Amino acid sequence: MNPASLIPTADTLAAHWGWFQFLLMLTFPLHLFAMNAMLGTALTSFLCYLRPDRSCHDLSHELAKALPFLVAFTVNLGVAPLLFVNVLYGHLLYSSTVLMGLFWLAVIPILITAYYLAYFYDFRFKKLGNSGMYAVLVVLLLLMTVGFIFSNNMTMMITPASWVRWFSTPGGTLLNLADPTLIARYLHMMTGSLAVGGLFVAIYSSTVLKHNIAVAETGRKMGMQLFTWLTALQVLVGTWFLLTLPVEVMKRFMGNDKLDTGLLAAGILLAVGTLIAGYQRKVVAATWLTVPLVYVMSFMRDSVRNGYLTPYFDVTKVPSSVQWSPLIFFFVTLVLGIVVIVWMLSRLKYIKKAS
Amino acid sequence: MNYPIWYVPTFGGGLLIALVAIVHVFVSHFAVGGGLYLVMAERKALHEQNSSILDFVKKHTKFFLLLTMVFGGLTGVAIWFVISLIHPAATSLLIHTFVFGWAAEWVFFLVEIVALFIYFYTFGRMDDRTHQTIGWIYFGAAWMSLFLINGIIDFMLTPGSWLTNHDFWSGFFNPTFWPSLFFRSFMSFMLAGCYGFLTATFLDDEQARHKMIRYSGRWALVSLVLSVPAGWWYISALPDKARSLVGGASPTIARAATVAAFSLAALAAVVITMILLNPKKARTRVLTVIVMIAAMGYMGAFEWTREAARRPYVINEVMYSNGILQKDVERINQEGFLKNAKWVQNKEVTQVNQLEAGRELFLHQCFACHTVGGFNNDIVVRTKNMSYGAMQKYLATIHEKRYFMPPFVGNEAEMKALAAYLTAGLNKKPLTDDAATAGDRGKKLFEDNCAACHGVEVLKPEVADWSKEKIRTALDKLPTLNPAMPDYNAPAADKDAIAGYLHSLNNPGTAKEPGATLFEDNCAPCHGFDVLRPKVSSWSKTKIRTALDKLSALNPAMPDYTGSATEKDALADYMVKQAGGEK
């Protein structure tokens, strides 16, 4: 059976595809930042238990308080890019979703459990004592499991050749384990996430926690160590991932496509820069280099998807029926929403220190 | 047909959607109404300078945060996950139509999160006026989420002028948008009041407890009373077909309406009792639990009714529950379903693959609502009374006879394949066309089409040694028997019926009683005689015959029988016999 014959017909777009691509590429890295911060916070909070000093313990508590916020924002900031992926690639995504329906639905109870456990860990931190270590470890593992399920869906949706398995296994129990890129891709995502998460811990410690000098210093140090070592490891994992890609996709980054090759070069340069900044424990410099690096990586990820889909689907060919007013309505809402959020956050400086 | 199907035979997708949706509906409406309740209760506490009430509001906020932010937020994502899994085609259509509505809703979701975090974590640490403003921002954002999702949900029931102009705003501000918005707003306030009731009973300060019980009671009662005219407005804005389903033509809605009526009565009664009587008694938690259950029953029944009212569509008059677009039906009927479907292995029906093709047709056209051997709308149970022949006839007019079922979409061979799968495949029934042995219809068709040239008595000895199959095959190629004979271009079911009649001329035992065939064709799809027998066993033949003239008077869900008086007589005869003889 020709896998291309299984690809559903894409629905008409409500605006030029470029708008959705722009919004996808704008919001997906925001989700990544929140997700990275969430994973890095959970990991650092866990690692603190392995070091018995007081400032580590306090840091762990501070991170426990931050964790539920980060879960909330990771979920929220994940909604927007998922919506725009639905618009551009929904017909592919829904197909692979059906194939792995059981696992896809499992994301919800896993997330609810992790989220409540994060609150439990926060509210009961003192009572939990050392067993808090296991609570936050479970939170971390559950959240990383969600990442694994997403990696499966995101790789399966771009490989229609794997879809024919549905005819023999239609119960939603398929994963994309036979895909040679899956594990490398997942580890690439997780290594990068935990590294950037380490950087977040360093930033958070140097700013929000700066009133407690010992905790701030511990957080900054641990965060930067994580960031640096994991970024160094990422050089290996990233290369492994690049080598597992199908040749025609890999060659896009090796000169066949100028833009993609430029992206890879920019990514390598930025990664080297972050490594140097990391070794020198320069939080601000590392941050300024990491933000564009995450955007570059997101664009490369998009290129990989396009490379895979070239024989099957071209998003620029999807018909559109443009209506401007809903698009304007959204942008006006977005601007107003940001204004209101900024105003609310600005009120925080007036809060009384003790309740 | 455009997408694969998540096939778990015993657990249909509809039930999963219902479970997740009902849970989310409660929490999300509570999130809206609770937002208003929190700021109003805080204002009351500040106005009265009552620290007990203020503490109560703070505790309420913590629970509210944990329930709405975590559970509410994630069950909202869950609905999206589930519908894209069960109704991918409909989800895609909705997302492509309303993407910017959804995107705006995401912004309000973000504002909600930030506002609720600040509201909770700064309780007592911020000046009162700013804290109240943050509370109002939370409520405003939560209500705007309701506003936006309400437009999209109601579009599914009443697309209105979007059907012709495909304009975003026409679809969004559709005919049921405003009544539904009012109804849902009152519902959300009612839920918050009921929840306030429950938690207020835990207040230790007696005076504060009494105050909050009365306060919450008034909330619940006023919202409840206002929700009734809003609900009425909603129903009157429905298109005729949906309104007739809501009026009782759908058995599912009839049950939901009963639940709603009882819940409403119980809710009103307990709430009024608790406000009017000494609030001390209201500390009895049983009463407050009854209030919560009744409120949920009322709301759940409404949601159930709304879902059922758009059947057989998932998006009214646009897409059927099985993902087939209404505009494509005619074309697919011409070209064939399997040829147009993407996720099938059998692209056309042959004698060899009939059952397997039937299974694929079932998967893509019926499984959206029917389980196989499961506990929800089990297709095996629903079809157990039907023969292969009766099933074909039923499928041919399924949508006309029972509006809430989508029409069968495909060509004749595909319809037969589906009938074969449902009867022979699932119920192990013989693949013989019972209609073929129906002396009555076959005779009538013979008289209409053959008797002009062939007298029965002449033909009878000629086919004496012929099997029914041989006669049936001959009817497909009459000119080969005799070049002077024209082809008989009629539906296969008609040929089956004539073959049955001709065969019965020499094999009288095979002819079926006319009433039996009529019963199988027209009644058995919904009523097995074992279920009907106790009901009609005490009825006289006249009563049965009279009832057959006006079936919809017995039950609005039942279509009137459109057959002739002779057929009704035959049916009545058969039913009397089956029920144990004339009374």
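Mentor: Let us take chain A, where, among contacts between residues at least 6 apart in sequence, 79% join residues at least 24 apart; two residues are in contact here if their C-beta atoms, placed from the backbone, lie within 7 Å. The model is predicted, so local features need a pLDDT of at least 70 and side-chain atom pairs count only at pLDDT 80 or more, while totals for chains, interfaces and linings use all residues. Residues are numbered from 1 along each chain as its sequence is written, and chains are lettered from A and ligands numbered from 1 in the order in which they are written.

Chain A has eleven helices and zero strands (DSSP runs numbered from the N terminus, with at least four residues of H or I for a helix and at least two of E for a strand), and from the N terminus on its elements run α-α-α-α-α-α-α-α-α-α-α. Its radius of gyration, taken over C-alpha atoms, is 21 Å, close to the 20 Å that the globule rule (2.2 Å times the number of residues to the power 0.38) gives for 355 residues, so chain A is as compact as a globular protein of that length. Along the principal axes, the C-alpha trace of chain A spans about 65 × 45 × 45 Å.

Of the 355 residues in chain A, 47% are buried, that is, have 20 or more other C-beta atoms within 10 Å of their own. Leu67(A), leaving aside residues up to four places away in sequence, touches Met38(A), Thr41(A), Ala42(A), Ser45(A), Ala118(A), Tyr121(A) and Asp122(A).

Turning to the partner, 57 residues of chain A are in contact with 56 residues of chain B. H2, helix H3 (101–123) and helix H11 (324–346) of chain A each supply at least two residues of the side that touches chain B, and H2(A) gives the most to that side, with 16 residues. By class, this side of chain A has 37 nonpolar, 17 polar and three charged residues, where Ala, Val, Leu, Ile, Met, Phe, Trp, Tyr, Cys and Pro count as nonpolar, Asp, Glu, Lys and Arg as charged, and the others, Gly among them, as polar.

Key:
A residue is buried if 20 or more other C-beta atoms lie within 10 Å of its own, exposed if 12 or fewer, and partly exposed in between; C-beta atoms are placed from the backbone.
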